Amino acid sequence: MIVLVVGGAAAGIFGSLLGLGGGILIVPLLTLGFGRPLREAVAVSLVCVIVTSSAASGAYLRGRVANLRLGTVLALFTTAGALVGGLLAFVIPEQSLAGLFALLLVYVALSMGRAGLKASRRATAVAAPVDAGDAGSTATATGSEGPESESAGRLDGPGYRVGRLVPASFASLGAGVIAALLGVGGGIINVPTMNLMMGVPLHVATATSNLMIGVTAVASAIIYLLRGGLDPYLAGPTAIGVFVGASVGARVARRVDVRVLRILFVVVLTWTAFQMARRALGI
């Protein structure tokens, strides 16, 4: 039990410092480290997502950062997708699920690596700073210049307009399916969808996604519970560890060199993806 708490805490710290949910690490930790079945690990990961989302939601709501109306609309689609994904998880072979998770890890590792390269390029471009007024106007334009005909109207927020609601809803549906199948929060899809497709500022998209993933995880976790795929003795200590780790990570985030942490994280994800791929191929 203590090992589960410690492992969950480590996943929570990494996830908090890098802006990812602990689920991306919990599933490999339980399958590769503790030899648990993949579906059981996914169910435990979903419980951890619920805990971390609940812990952070209060701060986002008090700060009025999240777009609650937009999150409510998109959560309807992610929840529907989560119910479908929860049912599919017991139909799709476990080796196929392991292969999907390996692909997800590769995608996250590549995304983290690209983010690190962009950060390095920005650091070297400090000698030619952008005028603050231009940067502000650009950011505002990005958030507010969505296609007027596709604007979601009442879902708009201060300084930005929400557009392309229909394609974003389908993307959220897919995010729910992936979240339930692989035990991740769905923010990997929800955040880029809101930010790049709908024109929502990144900090608002992140906060709104955090509210959505808790609801999504509840819906899919219920499916796993009813199908007997959730072990409470495994989920309890792990969720406690993730909660503690996420709280610690939030406190020490400003003192840690995220660049070094990102490199380490990419290495860990690449190795984990390789191991999950071997599991999928039965090697």
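Reader: How accessible is Phe 90?
Author: This is a predicted model, in which local features need pLDDT of at least 70, side-chain atom pairs count only at pLDDT 80 or more, and totals for chains, interfaces and linings use all residues. Residues are numbered from 1 along each chain as its sequence is written, and side-chain values use heavy atoms, with hydrogens and water left out. Buried means under 20% relative accessible area, exposed over 50%, and partly exposed in between (1.4 Å probe, protein chains only). Phe 90 counts as partly exposed, because its relative accessible area is 23%.

Reader: How many aromatic pairs does a search of the whole structure find?
Author: Rings of Phe, Tyr and Trp (its six-membered ring) pair if their centres lie within 6.5 Å. On that basis, the number of aromatic pairs in the whole structure is 1.

Reader: Is that pair, Phe 90 and Tyr 224, stacked, edge-to-face or tilted?
Author: Planes under 30 degrees apart count as stacked, over 60 as edge-to-face and the rest as tilted. The ring centres of Phe 90 and Tyr 224 are 5.3 Å apart and their planes are at 50°, so the pair is tilted.

Reader: How many residues apart in sequence are the parts that this pair ties together?
Author: Helices are DSSP runs (H or I, at least four residues), numbered from the N terminus. Phe 90 lies in the loop between helix H4 (68-88) and helix H5 (94-124), while Tyr 224 belongs to helix H9 (residues 202-226). The pair therefore ties together parts whose separation in sequence is 134 residues.

Reader: Is Tyr 224 buried or exposed?
Author: The relative accessibility of Tyr 224 is 0%. Tyr 224 therefore counts as buried.

Reader: Which residue has its charged end over the ring of Phe 90?
Author: A charge sits over a ring if NZ of Lys or CZ of Arg is within 6 Å of the ring centre and within 35 degrees of the ring normal. Here the charged end is 4.6 Å from the centre of the Phe 90 ring, and the residue is Arg 227.

Reader: Which residues does Gly 86 contact, leaving aside neighbours within four places in sequence?
Author: Gly 86 is in helix H4 and is buried at 0% relative accessibility. With contact meaning heavy atoms within 4.5 Å, the partners of Gly 86 are Ala 180, Ile 223 and Tyr 224.

Reader: Which backbone oxygen lies 3.1 Å from a polar side-chain atom of Ser 220?
Author: Ser 220 lies in helix H9 and is buried, with a relative accessible area of 0%. Leaving aside neighbours within four places in sequence, Ser 220 is in contact with Leu 46, Ala 82 and Ala 180. The backbone oxygen at 3.1 Å belongs to Thr 216.

Reader: What is phi of Arg 164?
Author: Arg 164 sits in the loop between helix H6 (132-144) and helix H7 (165-182). Arg 164 is partly exposed at 36% relative accessibility. Most residues other than glycine have a negative phi. Phi of Arg 164 is positive, near 55°.

Conventions: Helices (H or I, at least four residues) and strands (E, at least two) are DSSP runs, numbered from the N terminus. A polar contact is a pair of N or O atoms within 3.5 Å; within protein, one must be able to donate a hydrogen and the other to accept it, and residues adjacent in sequence count only if both atoms are side-chain atoms.
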